[in-house]
Amino acid sequence: TSPNDALFKPMPAGEFNPGGGANSGAGRYAQSAGGVNNLNVAQWSMSTFAAEQMLDTAPLEADLTLVDGVLRGTVRNTGPTTIRDVALIQNMRIAKVGDLPAGATGTVELQLSDRAPIEWAGSPSMMLLCDKWDFNQPKQPPTEIRMQMTVLDALFSTPYDRPTEPLLLGWLNEAPIPLEVDQDGVSKQQLALVTTPVTVDFSQSRRIKLPRGWIKPSLEASGMTGGPCVSQFGNGWFMDSGVITSTFQLPPTMQGVQPDSANVYVQTDGPPPVPVTLDVFDWSAGQWVPHENVTGSVDLTQPERFFNSTGLFRMCLDWERSGLVGKGGGCMSLDLSLEGTRQ
């Protein structure tokens, strides 16, 4: 239970030997905003739950700028206690800041590029914890590392919802949410992860560049088969028929920027590795503009016509028009990068 009326939810967890694995979904239990009741946990087993609560003031703050493809700035701990292993994550690119005592400031720098984020097929928790444990060895990591992995894997449990805009995270030595176990013979261990979305300042550069993987697309598919997937090229949709439409919304801070260079990326994990026909919507003409024989990427001419007044961009791929029917399916990724000039 928690006197703070925190919202509890079960977390998926890996194996915790000896005696069996985590069983957060085992048995029947009653869950409320203030706790979890009537939970049965087998001997030598572990149940894992997350208690979430919005803090009045986030203990992590950052001033970041994006200039010439480099995200850099300062990170501050405005809280009363040390925050451990502070890191900045964007898409699947990670820059580690380290421990920040109360009131301390650290610097961070993250090089961005239009290279395919091949780490999408990997584990964010392993990338964040690789300096704490060698995951190539057959031994199980210690309990604290496994618990951190559980929390991180729960945060990024849906690979299609990983953060594209920058996110700060770090660990607290003492959790701000008090928890109580109202039963004898049960031990507990508690971790607290702090996450803070970061707003990037674009004002220090007249030229703005957003790399691929920065804007999260909204995907729609007309095919009866398939579904969301993740690959070395980013998030996408597994398809072998129909039409997939990808919609991108520029950040509000980019709506005053005139796009003068834009690239779209069409890549597939799995068959078919053939040229495709890609349609991009021209908002000024009110019609789709076909781009034939696209392999990998294409540089759009007069890119400003493909963004409306609110920074909306749309492209689609028709499996039949591209001559792909009967050639198998794969994880299709549609992505976008652009450069523009501040007016």
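**Cores, strands and a buried asparagine**

Leaving aside neighbours within four places in sequence, Leu71 is in contact (heavy atoms within 4.5 Å) with Leu64, Thr65, Leu66, Leu88, Val108, Glu109, Leu110, Leu112, Pro166, Val200 and Trp214. A second, separate core of 13 residues includes Ile89, Ile145, Phe156 and Leu169. Here a nonpolar core is a set of buried Ala, Val, Leu, Ile, Met, Phe, Trp, Tyr and Cys residues joined through side-chain atoms within 4.5 Å; buried means under 20% relative accessible area, exposed over 50%, and partly exposed in between, with a 1.4 Å probe and protein chains only. The largest nonpolar core has 55 residues, of which Leu71, Val75, Trp214, Leu278, Phe313, Leu317 and Leu336 touch the most other members.

The model is predicted, so local features need pLDDT of at least 70 and side-chain atom pairs count only at pLDDT 80 or more, while totals for chains, interfaces and linings use all residues. Residues are numbered from 1 along each chain as its sequence is written, and side-chain values use heavy atoms, with hydrogens and water left out. The protein chain averages a pLDDT (the predictor's confidence in each residue, from 0 to 100) of 79, and 77% of the residues score at least 70. Over residues 13–27, pLDDT stays under 50.

Turning to the strands (DSSP runs of E, at least two residues, numbered from the N terminus), 5 of them form an open sheet with antiparallel pairing, in the order β14-β17-β22-β19-β20. Strands β14 (218–221) and β20 (287–294) stand at the edges with a single partner strand each, so one side of each is left without a neighbour in the sheet. Two strands pair if DSSP finds at least two bridges between them; the antiparallel strands β17 (residues 243–249) and β22 (residues 312–318) are joined by 7 bridges. Within this pair, Gln249 has Leu312 of β22 as its bridge partner.

Another antiparallel pair is β7 (residues 83–90) with β8 (residues 93–100), joined by 6 bridges. Ile89 stands opposite Ile94 in β8. The hairpin of β7 and β8 has 2 residues between the strands, and Asn91 takes a positive phi near 60° there.

Finally, Asn77 lies in strand β6 (residues 70–77). Asn77 is buried, with a relative accessible area of 2%. Its side chain reaches the backbone nitrogen of Gly79 at 2.9 Å. Not counting residues up to four places away in sequence, Asn77 touches Pro59, Thr82, Ile83, Leu100, Pro101, Ala102, Gly103 and Ala104.

Methods: Helices (H or I, at least four residues) and strands (E, at least two) are DSSP runs, numbered from the N terminus. A polar contact is a pair of N or O atoms within 3.5 Å; within protein, one must be able to donate a hydrogen and the other to accept it, and residues adjacent in sequence count only if both atoms are side-chain atoms.
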